[in-house]
Amino acid sequence: MGVEWENAREALRLAKKDIPSHVTLVLGLYALSCKERELGQVARSSYFFMRRMDDIMDGDLQINWEPLLLAQNVRNQIETEEYSHKPGLAVLAKYAIDTLRSRAREGDDPKRDFLEAVDSMIFDCVRTRERTVLTKKELEEYYWKTFSPVVNILLVGLKSKLRAPDIPTLSLAQGRLYSLRDLETDWSRGTINVPQETLTQSGLTPNSTMEELKNNSEIQKWFKEECA
């Protein structure tokens, strides 16, 4: 009851944004239960946990908690497996991890995947606040640490024989594409996903304006290469 209540709250929050892709996604997550009830529940719990946590850490969802304190609280609950009902995110994490364990193969560790996903969000929040610039190699490591745990969770839930290391391009491509798609929003927020090498070549800094980025030939070249 508690898990589906939290899922319903998050589904309603996303649907209220009235973005077609959100509505389609929410309907798809519930439609999965028509195929298999448990698959639908674990998919909703995993996705809504990640989505709500990410929106909180990005500042897209305002809450009474300080985001970093909330993330650490949830992380501690996952690590110790001593769960409370506050925040509700912990309820989703517990259900998802317990269910994924029943669907896991030898070598899988759903709890580790959730912890790594939360750690990546904490890292992202800190670097955003400080407008930290990463090198190309560091960005690739960040993309991997951010998306490979989520890919693993998806594959375990689907009872697939594949895991993130079997298809590494998927995690890295997701990182690159989301960074390009959200470049303007991220830059204004302080999330710098243009590598240090490119910024140096362009003569720009993390404090340059978005207009300067758009009009810079080196940035345009980098953008096209990332798309390719």
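By class, the lining of the second largest pocket comprises 4 nonpolar, 3 polar and 8 charged residues. The model described here is a predicted one. About 250 Å³ of space lies in this second largest pocket, and 15 residues line it. Those nearest its centre are Lys136, Pro195, Thr198, Trp222 and Glu226. Two or more lining residues come from each of H7, helix H10 (196-202) and helix H12 (217-227). Of the elements lining the second largest pocket, H12 contributes the most, with 5 residues.

We can now turn to the largest pocket, which holds about 1500 Å³ of space. Its lining is made up of 47 residues, and the closest to the centre are Tyr47, Arg51, Asp54, Phe147 and Tyr178. Several helices give two or more residues each to this lining: helix H2 (20-35), helix H3 (37-58), helix H6 (110-130), helix H7 (136-157), helix H8 (168-181) and helix H9 (183-189). The greatest share in the lining of the largest pocket belongs to H3, which supplies 11 residues. Sorted by class, the lining of the largest pocket holds 24 nonpolar residues, along with 12 polar and 11 charged ones.

Note on methods: Residues are numbered from 1 along each chain as its sequence is written. This is a predicted model: local features need pLDDT of at least 70, side-chain atom pairs count only at pLDDT 80 or more; totals for chains, interfaces and linings use all residues. Side-chain values use heavy atoms; hydrogens and water are left out. On a 1 Å grid over the protein atoms alone, a cavity is a set of points where a 1.4 Å probe fits but cannot get out, and a pocket is an open set with protein on both sides within 12 Å along at least five of seven lines; lining residues have an atom within 4 Å of a point. Grid points are joined across faces, edges and corners, and a volume is the space filled by probe spheres set on the points. Helices (H or I, at least four residues) and strands (E, at least two) are DSSP runs, numbered from the N terminus. Ala, Val, Leu, Ile, Met, Phe, Trp, Tyr, Cys and Pro count as nonpolar, Asp, Glu, Lys and Arg as charged, and the others, Gly among them, as polar.
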